[in-house]
Amino acid sequence: MDEAEQSRCENCIVRQFNSLRAMSKTELKKVSDSKVTKKIKKGEALFEEGDKLDGVFCVREGVSKLSKLSSNGKDQIIKLASKGEVMGQRSVIAEEYTNLSAVAVSDMEVCFIPKDSIVHTLSKNPDFAIEVLRHMAHDLKEADDVIVNMSQKTVKQRIAEAFVYLKNNYGEDDQGFLKLTLSREDIANVVGTATESAIRIISEFKKKGMIKTSGKKIGVLNEKLLQDLIEGF
């Protein structure tokens, strides 16, 4: 199967991770015929908070940060969206302006699926509607977890948790550094603290032998120590 055939929604393995798996072959063909594949460079925005979306983005490769601007002008990163995730579906289905911004934190390949394909299938295919609801419910659960973490865990615990999450979900390179490199500012925005505080805590973790650093790169040296900190030991 050549690359063009692999990229068709009917054959794309990525759809197994999202609500598109509940579409019929005919529906998938319609989506595939109408979608546009885009390459997004690291640092580029897929959409900004307050945009009106004419479709959704399905991530084929790479990672995007989804963030919300707070009243004091700081970004709060709500989640990282990677391979298989669909972004913008809540906004499209609810016909509302986007509540979050999406910016690539690595080079990305995404498929843009026009709104009509999604909305039409929602009204005709109950299995697809249930899958969409299931994914939205999962997003709400993740948002709840963010709120609980903010209110009940210290900044040190949240940073330790971020490193363990990045290691377990995105892996390490052959030198033991996290494959997904986030800036110090992004790390601060993930956990909801000032960049200066994040830098200070990262330096403390390094001195204690929990992590190693090389420029922007961070590697987990002792996951048990990080886990003990997360759990309050």
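Glu95 sits in the loop that runs between α3 (89-94) and β7 (101-104). This is a predicted model, so take the backbone detail here as part of that prediction. Most residues other than glycine have a negative phi. Glu95 is not a glycine, yet its phi is positive, at about 55 degrees.

Is Glu95 buried or exposed? With a relative accessible area of 53%, Glu95 counts as exposed, because the cut-off for that class is over 50%.

## The chain as a whole

Stepping back, the protein chain contains 9 helices and 10 strands. Its radius of gyration comes out at 19 Å, close to the 17 Å that the globule rule gives for 233 residues, so the chain is as compact as a globular protein of that length. Along the principal axes, the C-alpha trace spans about 55 × 40 × 30 Å.

As for the inside, 42% of the 233 residues count as buried. Then there is the matter of who touches whom along the sequence. Taking the contacts in the protein chain with a separation of 6 or more, 69% are between residues 24 or more positions apart.

## Where α4 meets α5

Two packed helices are described by the angle between their axes and the distance between the axes. For helix α4 (residues 115-124) and α5, the angle is about 115 degrees and the axes are 6 Å apart. That angle makes α4 roughly perpendicular to α5. As for handedness, α4 passes α5 in a left-handed crossing.

Which residues of α4 and α5 meet? On the α4 side they are Ile118, Thr121, Leu122 and Lys124, and on the α5 side Pro126, Phe128, Ala129 and Val132. Sorted by type, the residues of this contact are 6 nonpolar, 1 polar and 1 charged.

## Two positions along α5

Helix α5 covers residues 126-152, and Asp139 is in it. How accessible are they? Leu133 counts as exposed, at 58% relative accessibility, while Asp139 counts as partly exposed, at 32%.

Each of these residues can also be placed against a partner from elsewhere in the sequence. Leu133 and Glu85 are 48 residues apart in sequence, and their C-alpha atoms are 14 Å apart in space. For Asp139 and Val14, the gap is 125 residues in sequence and 18 Å in space, again C-alpha to C-alpha.

## Where α6 meets α8

Now for another helix pair. Helix α6 (residues 155-170) and helix α8 (residues 195-207) have axes that come within 11 Å and cross at roughly 70 degrees. The two helices are therefore roughly perpendicular to each other. Which hand does the crossing of α6 and α8 have? It is right-handed, whereas α4 passes α5 in a left-handed crossing.

On α6, the contact is made by Val155, Lys156, Ile159, Ala160 and Phe163. Facing them on α8 are Ala198, Ile201, Ile202, Glu204 and Phe205. The residues of this contact split into 8 nonpolar, no polar and 2 charged.

Key. Residues numbered from 1 in each chain as written. Predicted model: local features only at pLDDT ≥ 70, side-chain atom pairs only at ≥ 80, totals over all residues. Heavy atoms only, no water. Axes fitted to C-alpha atoms, helices over the stretch in contact; angles between N-to-C directions. Helix = DSSP H or I, 4+ residues; strand = E, 2+ residues; numbered from the N terminus. Parallel < 35°, antiparallel > 145°, perpendicular 65-115°, else oblique. Left-handed = near helix turned anticlockwise from the far one by under 90°. Contact = heavy atoms within 4.5 Å. Nonpolar A, V, L, I, M, F, W, Y, C, P; charged D, E, K, R; others polar. Buried < 20%, exposed > 50% of the residue type's maximum accessible area, 1.4 Å probe, protein only. Rg over C-alpha atoms; globule rule 2.2 N^0.38 Å.
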